[in-house]
Amino acid sequence: MEVSRDEKDIPAWLSDDFFLQVVREFTHDPNVRLCHGCKLRPGTKPGEHFASVMYRTTIHYRCHQGKESSVDVIMKIKPYQEGLKKDVLKESDLFLREMRIYRDVLPEMKRRLEEIGETFSYPRLIYAAEKPHTILILEDVSAKGWKTGGYITSLEEIVPAIKAIAKFHAASVVMEQDDPTFAGQHRCDVADKFAALDGMLKKSFKDLLDFMRSNSGEFAHLMRPVQALQGKLLPNLIESYRPSSDCLNVLVHGDFHSKNLLHQYTADERLHDTMLIDFQISSWTTPVVDLYYLLDTIVDQSVKEQYRDAMIHLYYEEFRRLLQQLGWLGRVTSLQDLHIELLRKGAIELFHYVALYPYRFVDRSKIDFEGLLSGRGSNPAASSPVYRRVMREVLTRFLHQGVMEG
């Protein structure tokens, strides 16, 4: 399997002694012994992650009663090799944020949801430490049939993902109702985190404007608005990520895209269940952060164009139903207010199309994420007629909706 560059050299401290410590903490048994050495392998394919160095292994161990057991694990390590990854994440709290989600938040969500007859799946937390090395170890659920997938191509198969994010949101609302400190614990100042996007956005605008000039007949009415937008999109994006004053805020996943979902499939390969993974930028804010990820980064463009309003309606009905069953005592945002919130925070969708949409037209394993963030590379969609049509239509919609005005 092709591997990410930073996963080729396994750090020496990921040793059998380390995994013995891990399994003793996990089992709460100081007498556990390893049956044999742990063989590490790359955690993901190139292009599937940026903020971690990842490995997988199986830990075979024997408890003091003599019974042999095993656990499949996947490790997420804070980048330690010199380069942009390490520089961007050096002062970041992303790992601590995700540890807290897996340790405290997801188990409580699961408890509350199961009390009302709902299921809620996530990988078990096996081990977490900040020092001497920042590492998060989770159960590797791939052996249980959970798999990553590509863009979803039907309304039917997006329903499990919609239900999963509605459960996550609704459970967080009632947890905040019972613990007024919950929102504060999960607040996130996105301004410094988005500062790393400046080079990427400048290059994205240059590529987009060059593309528009080469197709000037179709984009003439959009040139001046897009040029005027260049200096405004990043501050508008930061503002759009702030909590809402007009609708219920929730704990958002924050990076709710196709590679942060695991699916289970039926015998005839139809998707029937979805779980969320990777909560490093989860924060307390407006739900439309995740809804725009749903619309822009999980489904095929044709599904969005045909079922955009239907997907929002499905989410809303599920979210409202769950809130009522979970014992929410406050006012529920209306569907109309949710649509207004989507429009008000339209800079998020605009960013997705300007900076991320071109990369739908290239093999993800070939994407240089460090180059992308630093503003290197070329527009991979420049020769696509689909890209030309979609960008003409969505930019015209943004213009007519006032989203470009900021």
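**A walk from helix H14 to a helix pair**

Let's start at histidine 352, which sits in helix H14, the run covering residues 347–356. Keep in mind as you look around that this is a predicted model. Is histidine 352 buried or exposed? Its relative accessibility is 3%, and buried means under 20%, so histidine 352 counts as buried. Setting aside neighbours within four places in sequence, what does histidine 352 touch? The list is Tyr292, Tyr293, Asp296 and Tyr357.

The structure holds 16 aromatic pairs, and one of them joins tyrosine 357 to tyrosine 387. A pair of aromatic rings is described by the distance of the centres and the angle of the planes. For tyrosine 357 and tyrosine 387, that comes to 6.0 Å centre to centre with 15 degrees between the planes, so the pair is stacked, since planes under 30 degrees apart get that label. The pair links distant parts of the chain, with the two residues 30 apart: tyrosine 357 is in the loop between H14 and helix H15 (369–374), while tyrosine 387 belongs to helix H16 (residues 385–401). Both ends are tucked away: tyrosine 357 counts as buried because its relative accessibility is 5%, and tyrosine 387 counts as buried because its value is 1%. The two tyrosines also belong to one aromatic cluster, together with Phe211, Phe219, Tyr353, Phe361 and Phe398.

Now hop over to serine 282, in the loop between strand E9 (271–276) and strand E10 (283–285). With 0% relative accessibility, serine 282 counts as buried too. What is it in contact with, leaving aside neighbours within four places in sequence? Serine 282 meets Arg97, Ile101, Phe168, His186, Leu251, Val252 and His253. For valine 252 there is a polar detail: its backbone oxygen lies 2.7 Å from a polar atom of the serine 282 side chain. Cysteine 188 is another residue to look for here, 94 residues from serine 282 in sequence but 8.3 Å from it in space, C-alpha to C-alpha.

Last, the helix pair. Two packed helices are described by the angle between their axes and the distance between the axes. Helix H4 (residues 155–178) packs against helix H12 (residues 301–326) at about 35 degrees, and their axes are 8 Å apart. The crossing of H4 past H12 is right-handed. What kinds of residues make up the contact of H4 with H12? They split into 19 nonpolar, 1 polar and 3 charged.

Definitions and conventions
Residues numbered from 1 in each chain as written. Predicted model: local features only at pLDDT ≥ 70, side-chain atom pairs only at ≥ 80, totals over all residues. Heavy atoms only, no water. Axes fitted to C-alpha atoms, helices over the stretch in contact; angles between N-to-C directions. Helix = DSSP H or I, 4+ residues; strand = E, 2+ residues; numbered from the N terminus. Left-handed = near helix turned anticlockwise from the far one by under 90°. Nonpolar A, V, L, I, M, F, W, Y, C, P; charged D, E, K, R; others polar. Buried < 20%, exposed > 50% of the residue type's maximum accessible area, 1.4 Å probe, protein only. Contact = heavy atoms within 4.5 Å. Polar contact = N/O pair within 3.5 Å; in protein donor to acceptor, adjacent residues only side chain to side chain. Phe/Tyr/Trp six-rings, centres within 6.5 Å; stacked < 30°, edge-to-face > 60°.
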